[in-house]
Amino acid sequence: MIEAREINTLNYSPDRLHEAISAAKNKLITADKYEPRSGSMLSRVVAEVYPAYQARLLASSAVDFDDLLLHIAQLLYEHAEIRAELDERYRYVLVDEYQDTNRAQYVILRALSTDHSNLAVTGDPDQSIYGWRGADLNNILEFERDYPSVNIVRLERNYRSTKRILRVADELIGHNLRRKKKELWTENGDGAPVRLIAYLDQDKEAADIAEQIRESVAAGRRTPSDFAVFYRVNALSRSLEKALRAAGVPYQMVRGQEFYARKEIKDVLAYCQLINNPRDDMAFERTINTPARGIGRKTIERLTEHAYRHGTPLLEAARASWEIEGFSKGTAAKVAAYVEIIDRIAAVVHGDLEEVIGTVLEASGYRASLAESDDEQDQNRLANIEELLTDARQFDEQNSGGGHLEEYLERSWLVNETDNWDTDTDKATLMTLHAAKGLEFPVVFIVAVEDGVLPHERVGQHPDELEEERRLAFVGITRAKEELQLSYAVTRDFRGVRRRTIPSSFLMEMPRGEMEMLGSGDSFDEAAFEPWDEPDDDEGDDSWDFQIDDETVESVSDSGSKPAMSIAAASITTAAALERSGATAGLPNSALNVVSEPEPALPRVSPDAFKQGMTVTHPEYGPGKIVALSGSGKGRRATIQFATVGEKKIILTHSAVRPAR
DNA sequence: TCCTTAACTGTTTTT
DNA sequence: CAGTTAAGGA
């Protein structure tokens, strides 16, 4: 579809376009109402693709995730009598996790609670972490305005965490502006200090965490399921898995969709989808030459054309293969053989799922083609397919009588992250911060609390996005009941390259009094943290600012004077201290080279590189825009409008301000 | 049409 | 690094 329009897929990838369409749908903008924003090429492309995409969904009798809500909202909106009937039927409506609702859900809720306004919602604005998916924080922030007669109950008592953990969480989230203030308290004990550990690299980080778990379990103090390790991105799980395996710690990794998203599983399920819905052209295209049966691009092209001309689905066109012009006898026979396969599977559609999938595997030749292969990966795939059969059998046990194909497929689409999280087995848990919401563990580790990872570098210049990252950290921290460890690695391998990292700015927003700063084992010079440990005479936010000429100017002090310390400077000190202490002695050359690399942790930017109107970021104040510049050389200053704290005047040579990524 | 190899490229989170 | 695409040969 995108190809047909000769759209430049480099700038407008299917992913990006779908994302844009999804965002539009979340805002209840239907294809016919979508207006391209002037000046935005992307939106012009979307305006072209969106209606075609929607038409194609309709032709396939399909809906996407967003349609699930959009269609309902539209139905309720356009048909007063249906709305009234459903409002009548559902007298009392309860919504959990209200902070994660989007515009469409909001409209649906309103529609269902108009005549019978019995609506109860629960949620915590500080735990809204799905803004990027269309969740609208305003839904909860402005609930009182939307429903003036509302009765609000604040649940501020925390029964889960220790006082220290709670204070760390509370102070961090206090840096957010778009929230509802609340006073969290608990009668639990102080508990242990929150640990902040700097490791040399991610392998040391992973190994130490694994070792801590192993040791506690061996000592009988804890059991594996007491532990959870959270990370911002899935890619970070690799070294953790390796270390846990090496330490012999049983673990489970929660990765939603993982199973059903595998190529081989999707291949097999595509046959099922086509049986379930013969108009599913995507399933047709996926299956017709999987495994390879000599049906290529050209053949599919001709089929598509025939289908288009007759207004039929592709499978229908394939049934007429003998009449299609340009098809050789051989080609027509191959296509007919494929149709035959589909029909054979369709014949057992009313049986058990295990039978349906078993038939797919046999009739399609999929299993045989994998079994013949001597590629190691294919053997793996074979194992996954056997697992799919097991999954199907389990499903059959719960849904006896057969004929439940559609339900099974639905489940495969809708499984979420935590659905396959097993609470009964005694294993440590690895998961993303997003997946962690709603859970709790006695001991929590959060790894890679680094600039660019937690807040993730892809959060845009919009302050709301930075705040969402902060909420994500908040969610992770508040999962911990008794112990919490935050950590970062001084260097981290990323995409095959070793990089020096900068500790997350969020770490500077946490109360040092509740925390314990550590290096990893004795390989770390604690002196590196001295500037942090030293309690400031004044507390809190202003500690790195001091007054000059009436203006608040921010600067990193020279070594010697004590209070001001930016996070970037801390990381430089850390690395330097490492070198001095010979902490790197045991490392292979490559690692040593990197640590002693002349490249500073914070790329120094010449003051002249800053231009008016430029978007910049600051480790504490977040993103901002340069309003004005003054002075020159070392004295060059910028007035920056920060989204979080308003306008600040900053000396560029000394500050940690950088051009936005 | 298929298969192998080399080059390339892109990287968040997921109902 | 890993997953995907482009190119070229069978």
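**A walk through buried ion pairs, rings and backbone**

Glu509 is buried, with a relative accessible area of 1%. Buried here stands for under 20% relative accessible area, exposed for over 50%, and partly exposed for values in between (1.4 Å probe, protein chains only). The structure is a predicted model, in which local features need pLDDT of at least 70 and side-chain atom pairs count only at pLDDT 80 or more, while totals for chains, interfaces and linings use all residues. Residues are numbered from 1 along each chain as its sequence is written, chains are lettered from A and ligands numbered from 1 in the order in which they are written, and side-chain values use heavy atoms, with hydrogens and water left out.

What does Glu509 pair with? Its partner in a salt bridge is Arg470, with the closest N and O atoms 2.7 Å apart. Because Glu509 sits in the loop between strand S9 (497–500) and strand S10 (515–519) and Arg470 in helix H21 (residues 463–477), the pair ties together parts that are 39 residues apart in sequence. The helices (H or I, at least four residues) and strands (E, at least two) named here are DSSP runs, numbered from the N terminus. Arg470 also counts as buried, at 2% relative accessibility.

A salt bridge is counted when a side-chain nitrogen of Lys or Arg lies within 4 Å of a carboxyl oxygen of Asp or Glu. Side chains of opposite charge can pair when their charged atoms come close. By this criterion there are 41 salt bridges in the structure. One of them joins the side chains of Lys25 and Asp64, at 2.7 Å from N to O. This pair links distant parts of the chain, 39 residues apart: Lys25 belongs to helix H1 (residues 14–26), and Asp64 to the loop between helix H2 (41–59) and helix H3 (65–78). Lys25 is buried at 1% relative accessibility, and Asp64 is buried at 10%.

Another salt bridge runs between Asp126 and Arg179, where the closest N and O atoms are 2.8 Å apart. It also connects distant parts of the chain, 53 residues apart, from the loop between S2 and helix H6 (137–141), which holds Asp126, to the loop between helix H8 (163–173) and strand S3 (194–201), which holds Arg179. The relative accessibility of Asp126 is 1%, so it counts as buried; Arg179 is buried at 16%. Both residues belong to a network of salt bridges that links Asp124, Asp126, Arg179 and Lys182.

In the loop between S1 and H5 lies Glu97, which has a positive phi of about 55 degrees although it is not a glycine. Glu97 is partly exposed, at 30% relative accessibility.

The aromatic residues come next. Rings of Phe, Tyr and Trp (its six-membered ring) pair if their centres lie within 6.5 Å; planes under 30 degrees apart count as stacked, over 60 as edge-to-face and the rest as tilted. By this rule there are eight aromatic pairs. The rings of Tyr130 and Trp132 have centres 5.8 Å apart and planes at 50 degrees, so this pair is tilted. Is Trp132 buried or exposed? Trp132 is exposed, at 57% relative accessible area, whereas Tyr130 is buried at 14%. Phe284 and Tyr338 form an edge-to-face pair, 5.4 Å centre to centre with 90 degrees between the planes. That pair links parts of the chain 54 residues apart, with Phe284 in helix H13 (residues 281–287) and Tyr338 in helix H16 (residues 329–346). Phe284 is buried at 0% relative accessibility, and Tyr338 is buried at 0%.

Past H13, in the loop between H13 and helix H14 (297–310), lies Pro291. A cis peptide bond joins Thr290 to Pro291, with omega about 0 degrees.
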